[in-house]
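Please look through the sequence and the model below. The paragraphs after it take two interfaces in turn.

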Amino acid sequence: MTSSFRRALLASAFVAPALFGAAAQADPVKIGFLSTLSGPSAPLGVHMRDGFLLAVKELGGKLGGQPTEVLVVDDELKPDVAVSKVKALIERDKVDLLAGVVFSNVMMAVAKPAAEAKTFLISGNAGPSPLAGKACSEYFFSASYQNDQNHEVMGKYAQDQGYKRVVLMTPNYQAGKDSMAGFKRHFKGEVLDEIFTPLGQLDFSAELAKIASAKPDAVFTFMPGGMGVNLVKQWSQAGLAGKIPFLSAFTVDETTLPATKEAADGLLSGAEWAPNIDTPENKAFVAAYEKEYGVAPSLYAAQGYDAARLIDGALKATGGKTSDKEALRKAIASAPFKSVRGAFKFNTNGFPVQDFYVVKAVKRGDGAYVTQTVSKVFSQAADAYAAECPLK
Amino acid sequence: MIEAAAFRQDEPLRRPLRAAALVLVALAAAILVAWAMGNAWWLSFLARVAITATAALSLSCLIGQAGLVSFGHAAQVGLGAYVALIAGEYGIADLTLLAPLAFVVVALWSAVTAALALRTRGVYFIMLTLAFAQMAYFIMQSLSRFGGDDGMALARRATLFGAPVLKTDLGLALAALALLAAALIGFVWMTETRYGLVLRAAKENESRALASGFRVFRFQLYAYALAGGVAALAGVLLANQAEFVSPSYMNWHRSGELIVMVVLGGATSLPGAVIGAAVVLIIEEALGHWTEFWKLGLGLVIVAAVLLRGADLSALFGRARR
Amino acid sequence: MNASLLALQALNGLQYGMILFLVAAGLTLVFGVMDFINLAHGVQFTLGAYLTASFVARFDNFALGLAAGLAAALALGVLLEIAVFRILTRRSHLEQVLGTFGVILVVTDALRLVYGPAPRSLRMPEALSGAIPLMDGLMYPLWRLAIIAAGLVVALALWLLVAKTRVGMLVRAGSTDRETVSALGVDIERLFVLVFVFGALLAAFAGAMAGPLLSIEPTMGDNVLILAFVVIVIGGIGSIRGAFVAALLIGLVDTLGRAFATDVLKLVLSNATASAAGPAIASMLIYVLMALVLVARPAGLFGGNGPS
Amino acid sequence: MSEAILSLRDLDKSFGALRVTRKVTLDVAPGEVHALIGPNGAGKTTLISQIAGSLKPDSGRVIFAGEDVTHLDAPSRAQRGLARVFQISNVVDSFTVLANVVLSALATETTAWWGWGVAMKDPGLRERAFYALDQVGLVERAPDQAADLSYGERRALELAMGLVQNPRLFLLDEPMAGTGREESRRLTELLRTLKGRTPMLLIEHDMSTVFALADRVTVLVDGAVAITGAPDVVRADRIVREAYLGEGEP
C-alpha cells in the first residue's frame with residue numbers, strides 16, 4: 001500500500017508494546033481483581049469490588065503493611081475475555097495475587113491459567129463444584145462459599161418446614177442445574193416440576209401461571225441479577241406473594257432489593273451472611289460501606305471485603321512477601337483474619353467452613369430494604385465435595 | 001500497445017497482495033519484538049489479534065467479495081471451537097485430524113444453512129443467518145455433557161504430528177499468524193481466480209451474472225461454506241488459546257463485532273479486515289485499561305469513523321497518500 | 001395442562017406480542033420508508049423505560065412522569081436523528097449497521113454512567129396496580145391487560161393513520177417508490193423525520209409500558225431489538241399489518257413454547273431428556289419459525305406490498 | 001425455411017389480474033433479425049424475460065434450438081447460447097471493460113470457473129475478449145472502468161459481452177434507448193455488421209433502426225401478437241398505425 005500506511009503499522013507495532021508493557025515495576029503488592037462490571041449482572045461485580053476496595057482503603061491502602069495496588073478488570077462475563085485479561089494481569093502486570101470473580105463459568109476458565117502460573121486466586125464469590133472436588137488446587141481459596149451450599153440451605157429449610165410438594169425454577173445453565181441438585185440434597189419431598197428458563201429471560205408470566213396451577217407448598221428459585229428482579233416483581237404482581245412461600249438463593253439480596261423494594265418483602269433466601277449478623281467486625285463493615293457508597297452492602301460486598309482482609313492477614317504472616325509460595329499458602333490456609341461472618345476457617349480444599357442462614361427481605365427503619373437472618377440452618381458446615389479433593 | 005496498457009491497468013493482484021504482505025510482516029514483526037522482549041502477554045494478545053482477524057477476514061470475504069452479509073458469523077467460529085472441544089474429549093487433539101474435521105463439519109453446517117438462507121436477499125438474508133446462529137447457540141447451550149451454558153475447559157492443547165506446537169504463547173501466536181497468512185493470501189488470490197471474478201460480479205450485479213450463464217446460487221453457497229470453514233479454523237485456535245469453549249463465543253454481539261471489524265477496515269478490502277480487527281482489539285485493550293466504560297469510547301470511535309467517512313480505514317490511508 | 005391455563009398463557013403471549021408490536025411498528029416504518037436499518041431502535045425502548053422511571057419517581061405521578069419521560073426520550077431521539085441518523089440514511093446499509101451499532105454501545109454505557117449499574121424500577125400507576133383473579137390461585141395484573149389495550153389502540157390508530165390520511169398515503173407511497181413521492185413535491189426529508197419521530201415515540205412508549213414489569217437496565221433494549229427484527233422480517237418489511245400479525249405470532253409461540261415445550265416432549269421422551277431438550281427447543285422456537293416463514297416466503301408474510 | 005432457432009408456443013403470463021402475455025406464438029429463423037415492436041406496456045420486456053428465463057410463463061412452451069427450455073433457469077439458457085442485452089444497461093460497473101467481457105467469456109469455457117490461475121491473465125480468455133471488443137470498437141476502452149463509459153459505449157460493451165459467448169441468439173432489449181444520435185447511428189451500423197452471423201430478436205422503438213435492420217417484424221399489442229410479417233407489410237398495416245398513432249410516434 002502506501003508509505004503513510006506502512007508508517008502507521010510500524011508505529012502501532014512499537015508504540016503498543018510500550019503502552020501495554022510499561023507497568024512492570026515490582027515495588028508495591030499488586031493484586032489483580034477480576035469482576036463483572038458491565039452488562040446486566042454488573043451490580044454483583046460492583047458490590048464485590050467495592051467491598052474489596054473498602055477494606056483496602058480502611059487499611060490505609062496497604063495490605064499486610066505493604067503499599068498495595070489493586071488492578072480492577074472487567075471480565076464482561078465472557079470466559080475467553082476473562083482468560084486473556086487474567087493472562088495480561090499475570091504476564092504483563094506481574095500481579096502477586098488474583099482475587100474476585102463473580103461467575104462460575106468465568107472462574108472455571110481462569111482458575112487453570114492462574115494455577116499454571118502459580119498465582120494464588122482468592123474467590124470473592126464463585127465456588128464451582130469441580131474446584132472444590134477433583135479439580136481443587138493449592139493455588140485456589142474461596143472467601144465465599146461452595147456454589148451448592150446456599151441452595152442446600154433452602155432445601156434443608158424446606159424439609160424442616162415440612163413442605164411436601166415444591167416447584168423448582170432456575171435459568172437453563174449449569175449453575176441452575178447445580179442449584180436444583182443442591183436443593184434436593186436435603187429436601188426429601190416431592191418435586192412437582194423443574195422449570196428451566198432461558199438465561200436472561202425478562203418475563204415470567206408463563207412460568208408463574210404454571211406454578212399457580214401446580215399449587216405447590218413452596219417454590220424454590222435461583223435467579224441472579226436482573227432476572228431475579230423481574231421474577232420478584234412479577235411474583236408479587238401475580239398475587240403469589242404471601243400465598244406460596246418463596247425460597248431462593250442469590251435472588252433476593254441487597255443488589256436487587258433497591259429495584260424490587262416492597263415486592264420482595266418477606267421473601268426468603270439462603271446465605272452465609274446478612275447485614276444484621278452480630279459481630280463487631282460486621283457492624284463496622286456495614287456502617288462503613290453505607291457511608292462510603294450510600295447503599296446497603298450485599299453478601300458479594302461482604303465476601304469482597306473478607307477477601308481483602310484475608311489477603312491482609314496472610315501478607316502480615318509472611319512479612320509482605322509473596323515469592324515463597326509455600327509460606328504464602330500456609331498463611332492463607334490458616335485464615336488469619338476476623339471474618340464479618342463470625343467463625344471462619346478453611347477446609348482442606350480451600351473452601352470455608354462456616355455457618356449458613358435463612359434470611360428474609362425486610363424494610364429497615366430508614367426505609368432501605370435489606371436481608372435479615374431468620375434462623376441458622378447449618379453450623380460450621382463444610383461442602384459436599386471436599387472429600388473428593390486430593391489435597392490434604 | 002493497447003494490450004500492454006490493458007495489462008498495466010489489469011494487474012489486479014499486486015496491490016492487495018502488497019497490502020496483505022505488509023499487514024502480515026507487521027504482525028510478524030510485532031510477534032518477534034514481543035518474543036524478544038519476553039512479553040508473554042503481548043504475544044498472547046497478538047495471537048488473539050491474528051485469530052480474530054482470521055475470523056473477520058472470512059466474514060470480509062462474504063460481505064465484501066460475495067455480497068453476503070452474515071449476522072451470524074460468530075456461530076461458525078464458535079462451532080469450530082466446539083469441534084476442538086468435543087473432539088478433544090474423544091482424544092482427537094492433533095491438528096492433522098482436528099483441522100480438517102473442524103473445517104468440514106462447519107463448512108457443511110454453513111452450506112446447509114446457506115442453502116436455505118440464500119433463498120432470500122438483503123435484510124431477510126441477514127436475519128436468517130442470525131436465526132441459524134441463534135439455533136446453534138441454543139443447541140450448544142443445552143449440551144450439558146459439554147458444559148452447557150457455562151462452557152468447558154479444553155482437555156488439552158492441540159498438537160501437530162504429536163508435537164505440542166500450541167503449548168507455548170510463541171507457538172500459538174505463530175500458528176495463528178500462519179493461519180491468517182494462508183487465509184489472507186488465499187482469499188486475495190481467490191478473488192482474482194475465475195471463481196472469484198464471478199463471485200464479485202454476482203455481488204454487484206446478480207442479474208448480469210445470471211444472464212451470462214452463471215448459477216450464482218452455487219457460487220455463493222461455496223463461498224459461504226468456505227468462509228465458514230476458515231472461521232472454524234480460527235475457532236479451533238481460539239479454543240486452544242483460551243483453553244476454554246463456551247456458547248458465549250456464538251453470541252450475536254460477537255457477530256456484530258465481526259461486522260464492525262470488517263466494515264471499519266473497508267468492506268471490500270480483505271487486508272482491511274485484518275486492520276479493522278487489530279484496531280478494534282487495540283481500542284478495546286487500551287481503553288479497557290483506563291476505564292470500565294470503554295465501550296462508550298469504542299462506540300464513539302465507531303460513530304465518528306462512520307460519520308466522518310473514515311469507516312473505510314484503508315481508504316483513509318489511500319486518501320492520506322494523495 | 002387444562003383449558004384455563006392454556007387461555008391464560010395465550011393472554012400472556014398476547015401481552016408480550018403487544019410490546020413487541022409497539023417496538024416493531026416504528027422499526028418497520030423507518031426501515032420500509034427510509035430504507036434505514038436502525039439497530040439503535042432498541043435504545044429508544046431503553047430510554048423510554050429509564051426516563052419514565054426517573055420522572056415518575058420525581059413527580060410521584062405516573063401520567064405526568066410518562067409524559068415527561070416520553071418527551072425526554074423523544075428529544076434524545078431527535079437529537080440522535082439530527083446528529084447521526086440523518087447522515088446515515090444516505091449511506092449504505094452496512095454503514096448504517098456499523099453506525100447504529102456504535103450508537104448502541106455509546107448510549108448503553110452512557111446510561112450506566114448516569115444511572116449506575118444497578119437495575120432500576122418503575123412503579124406502575126396506583127389505579128392499575130391491582131389484579132383480577134383469572135385462574136384459581138393466580139391473579140392477573142391489570143397492568144398487563146392495560147398493555148394489551150394500549151397495544152390494540154395503537155394498532156388501530158396506526159391502521160387509520162396509514163390507511164386513511166394523506167400522510168399515511170405518502171408513507172405508503174414513500175416505502176415503495178421514493179422518487180414518485182419527491183416528484184409530487186412533498187418534502188421527503190420532513191416526511192422521514194416525521195416517521196422516525198413517530199417510530200421512536202412508539203418504542204419509548206413500549207419501554208415505559210414494559211418498565212413496571214421489568215428490571216430497568218442499560219441492556220434491556222438488546223433482546224427486544226433482535227426480537228423486533230425477527231417480527232418485521234416475518235411480517236414483511238414496511239408492513240404495519242405484517243408487524244402486528246408477526247408480533248402476536250412471536251408472542252404466542254414464545255410464551256406457549258416456554259410454557260409447554262417440556263411437557264409436550266415428556267409425552268414422547270424420557271423425563272430427563274425432555275427437561276434437557278425442552279428449554280433449548282423453546283428458546284429456538286421463534287428462530288425456527290422465522291426460518292420456516294422466510295424459506296417459504298422469502299419476503300415475509302406481508303412483504304413486497306409496502307405498508308398495508 | 002429451415003427450423004427456427006427460437007419458437008414460442010402459446011406463451012401466457014399474468015401478474016394478478018393483469019394478463020401481460022397472451023398466447024404468444026412466434027418463430028425466429030436462423031440468421032434472421034426479428035424485430036419486436038409495440039406501444040409502451042405491450043409486454044415486450046416481459047416476453048424477453050420469459051425467453052431468457054428470468055420469468056416463468058404460466059403456460060406455453062419456449063423451444064430453443066430444438067430443445068424445450070421452458071423449465072430451465074436463466075443460467076442454463078444462457079449456457080445454451082441465449083445472450084441478452086438488457087433494456088437498462090446492465091454491466092458490472094466496478095469491473096474494467098475488459099473484465100466484463102472476460103467474465104462473460106468465462107461462462108462458456110468448458111473448464112468452467114475452476115482453476116488456480118488469475119482469470120484476467122488467462123491468454124485464451126483475453127484473446128477472446130479483445131476479439132469481441134474489437135468487433136464493437138471498444139478496444140481502446142478495455143482498461144477503463146465500465147462505470148466511466150458513455151451510455152452508448154455501455155450498450156456496445158453489453159453487445160461485446162454477448163458476442164464473446166458466440167451466442168446462437170441475441171435478445172436485444174432497446175439497444176438504442178438513451179443513446180445520442182451519433183452513438184445510435186454507430187450501434188445500428190454495428191448491428192448491421194452482425195446481421196447474418198447471429199440471429200437477433202430485437203425490441204426497438206426507433207422505427208428507422210427497425211426498418212433498416214429487420215428481416216421480419218412482430219407487433220405486440222396488449223400482450224398479444226397483432227401481426228408478424230416483412231417490414232413493408234407491417235408498415236402498411238392499419239393496426240400498427242393505430243397502435244402507434246396513439247403513442248404519437250411515426
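How much area do chain C and chain B bury between them, and what share of it lies on carbon and sulfur atoms? In this predicted model, the two chains bury about 3,800 Å² between them, and carbon and sulfur atoms account for 80% of that area. The contact brings together 42 residues of chain C and 40 residues of chain B.

Four elements of chain C give two or more residues each to the side that touches chain B: α3 (62-88), α4 (93-115), α9 (220-235) and α11 (271-296). Of these, α4(C) gives the most, with 14 residues. Sorted by class, the side of chain C that touches chain B holds 31 nonpolar, six polar and five charged residues.

The domain assignment gives chain A a domain 1, made of 3-146 and 277-354, and a domain 2, made of 148-276 and 357-386. Taken over C-alpha atoms, the centres of domain 1 of chain A and domain 2 of chain A are 28 Å apart. The contact involves 32 residues from domain 1 of chain A and 28 residues from domain 2 of chain A.

Between them, domain 1 of chain A and domain 2 of chain A bury about 2,600 Å², and carbon and sulfur atoms give 55% of this area. In domain 1 of chain A, the residues that lose the most area to domain 2 of chain A are Q146(A), I277(A) and L299(A), which together make up 26% of what that side buries.

What polar links join the two domains of chain A? Two salt bridges are found across the interface of domain 1 and domain 2 of chain A, and 13 residue pairs are in polar contact, both residues being at pLDDT 80 or more. In chain A, R341(A) forms a salt bridge with E272(A), and the closest N and O atoms of this pair are 3.8 Å apart. The side of domain 1 of chain A that touches domain 2 of chain A draws at least two residues from each of α2 (42-58), α5 (129-132), α11 (280-293), α12 (299-318) and β13 (352-363) of chain A. By class, that side of domain 1 of chain A has 18 nonpolar, eleven polar and three charged residues.

How values were computed
Residues are numbered from 1 along each chain as its sequence is written. Chains are lettered from A and ligands numbered from 1 in the order in which they are written. This is a predicted model: local features need pLDDT of at least 70, side-chain atom pairs count only at pLDDT 80 or more; totals for chains, interfaces and linings use all residues. Side-chain values use heavy atoms; hydrogens and water are left out. Domain bounds come from an automatic or database domain assignment. Contact means heavy atoms within 4.5 Å. Buried area is the accessible area (1.4 Å probe) that two parts lose on being put together, summed over both. A salt bridge is a side-chain nitrogen of Lys or Arg within 4 Å of a carboxyl oxygen of Asp or Glu. A polar contact is a pair of N or O atoms within 3.5 Å; within protein, one must be able to donate a hydrogen and the other to accept it, and residues adjacent in sequence count only if both atoms are side-chain atoms. Ala, Val, Leu, Ile, Met, Phe, Trp, Tyr, Cys and Pro count as nonpolar, Asp, Glu, Lys and Arg as charged, and the others, Gly among them, as polar.
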